[in-house]
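Open the model in your viewer and keep the selection tool at hand. The stops below say what to select and what is found there.

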Amino acid sequence: MGLFTDKNMRLLLLQILMLLAASQDFVPLVLGPDFQRAYDDKDILRGFKLNVAEGENPLKGHAFEGGINSSPFSTSYTKSAVIKSVEDVKEMMEIKGSLSVSYGPMISGSGAGSYLQSKVKSKRQISILYRTRRVAYAKKVDVKTLMPVAGLDKLEPDDITELYGSKFIDQILYGAQLDVIFTVESTEDTDFFEIEAELKGKIGFGPLSVSFQANFQKREGYSQSRYDMEIEARASGIAFGVPSNPSFDQINELIDNFNAKYEEMLDEVGAGETVDVSNVANQFSPVAFALSPIAEYLPSKLSVEESARLDDKMEALRDVFYHALFVKSQLNKIRNEQELLYGNDPRVSVSIFQPYDDVVNDVIGELENKIDECLDYRKKPLREILTTSARVPNKYASTVAEVNVLKGLIGEAYLPSPVTISGMTFEEFHY
């Protein structure tokens, strides 16, 4: 008999699933200047729901009771990125796949549209997102003291996940965070390669080159500069002033001062004091929280394997959902730019822009249907999601032809006439 019998394989798989489910998920409370959640230590032990309906708060009532301890948790994170793809969106969200479909600025169609459209790269605009997070300490539950709240262990799995979710907050991380968004707009089509390289290379390090700065100054013979840049910054976690629409040099000074202020405060924590009694430590605010599966501490009612399967389903849903949201925002943004180019001349508008606009509206309508399909799936009960018949929706534009149409509409491919979109053939159109 071999080492890996069917029974052994099942046990091994279950152990792997349990390890995956038991791993903690760290979730940021701030994602740039336009998204922030005010969780604190009173939210520790509250449940967290993945399969939420639109508009439903994923944060639920306290699932457990237990002691909470403070302990040092020193870590730092710095990242800058341009939103050019769905993968870039996932990376800057910093939220694990199964959670990002239920938490953050991308959990609804309307909210994601306003959040993404201002940040998605086009031929006339690019946004560079910079984030630095410093974590000083954590307030964490003492797992040895965990006890389910009264009545929790008498509920059925569907009721548990409906009322409390499948996870719970087991710690809050305290520290400071600085977010900066650099938005550059161009008066003409450009690939922004040099802009991206220059800005990302200089953020937090040094001044922009003289030749680069010349692009943002009014040109001789022109009414405006080639590029225009707006900068928005926000500090959270500590009392730290941030000017409105600062210059690039001011931002670099701001980053240095922010890090210096944090290090100065961190150095004052100590001299024999614990985090609990340090006045300086109490000046830090929550910047992130961590989740653990309820099933790990309530195995008689919730299966760890089922909790892991729910995570997998939600992560697969996130990929479909984010793709539809991203493409919709990208199309809306590029359509608006095309309207500025071709919409003012009646002849050009009728012959060029209007046919393009009609097709974009058709595709956006299909994307909105896909978004609604994802939202309908997300709110299903646990038992229904875990059945084999409840399949995660398919991603929009799954065929080569559909992908080519999208590329044509956003200007990344040329489609000669005739063009077929959603089963309809247009004999005199090309993109």
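Select Ala214, which sits in the loop between α7 (210-213) and β9 (227-236). This is a predicted model. Ala214 has a relative accessibility of 37% and therefore counts as partly exposed, since that class lies between the buried limit of under 20% and the exposed limit of over 50%. Ala214 and Arg226 are 12 residues apart along the chain, and their C-alpha atoms are separated by 8.8 Å.

Next, go to Ala176 in strand β8 (residues 167-186). Is Ala176 buried or exposed? Its relative accessibility is 0%, so Ala176 counts as buried.

The next stops are salt bridges. How many salt bridges does a search of the whole structure find? The search finds 26. Start with Arg131 and Glu94, whose side chains meet in a salt bridge at 2.6 Å, N to O. This pair links distant parts of the chain, 37 residues apart: Arg131 is in strand β6 (residues 125-141), and Glu94 is in the loop between α2 (86-93) and α3 (97-100). Both Arg131 and Glu94 are buried.

Move to Asp142 and Lys144, where the side chains form a salt bridge of 3.2 Å, N to O. Show the surface here and look at each partner in turn. Asp142 counts as buried because its relative accessibility is 18%, under the 20% limit. Lys144, at 72% relative accessibility, counts as exposed.

For another pair, select Lys379 and Asp376. Their side chains meet in a salt bridge of 3.8 Å, N to O. Lys379 is partly exposed at 45% relative accessibility, and Asp376 is partly exposed at 42%.

Then select Glu87, Lys90, Glu315, Arg318 and Asp319 together; a network of salt bridges links these residues. Keep them on screen and display the helices α2 (86-93) and α9 (residues 304-342). The axes of α2 and α9 come within 9 Å and cross at roughly 115°. The two helices are therefore roughly perpendicular to each other. The crossing of α2 and α9 is right-handed.

The crossing of α9 and α10 is left-handed.

For the last stop, select Leu341, which lies in α9. Leu341 is partly exposed, with a relative accessible area of 38%. Leu341, Tyr342 and Ile352 make a nonpolar surface patch of about 240 Å². Leu341 can belong to such a patch because patch residues need over 30% relative accessible area.

How values were computed:
Residues are numbered from 1 along each chain as its sequence is written. This is a predicted model: local features need pLDDT of at least 70, side-chain atom pairs count only at pLDDT 80 or more; totals for chains, interfaces and linings use all residues. Side-chain values use heavy atoms; hydrogens and water are left out. Patches are made of residues with over 30% relative accessible area and no salt bridge: like charges are joined within 9 Å, nonpolar side chains (Val, Leu, Ile, Met, Phe, Trp, Tyr) within 5 Å. Accessible areas come from the Shrake-Rupley method with a 1.4 Å probe; for residues, only the protein chains shown count as cover. A salt bridge is a side-chain nitrogen of Lys or Arg within 4 Å of a carboxyl oxygen of Asp or Glu. Helices (H or I, at least four residues) and strands (E, at least two) are DSSP runs, numbered from the N terminus. Buried means under 20% relative accessible area, exposed over 50%, partly exposed in between (1.4 Å probe, protein chains only). A crossing is left-handed if the near helix is turned anticlockwise from the far one by less than a right angle, and right-handed if clockwise. Axes are lines fitted to C-alpha atoms, for helices over the stretch in contact, and angles run from 0 to 180 degrees between N-to-C directions. Angles under 35 degrees count as roughly parallel, over 145 as roughly antiparallel, 65 to 115 as roughly perpendicular and the rest as oblique.
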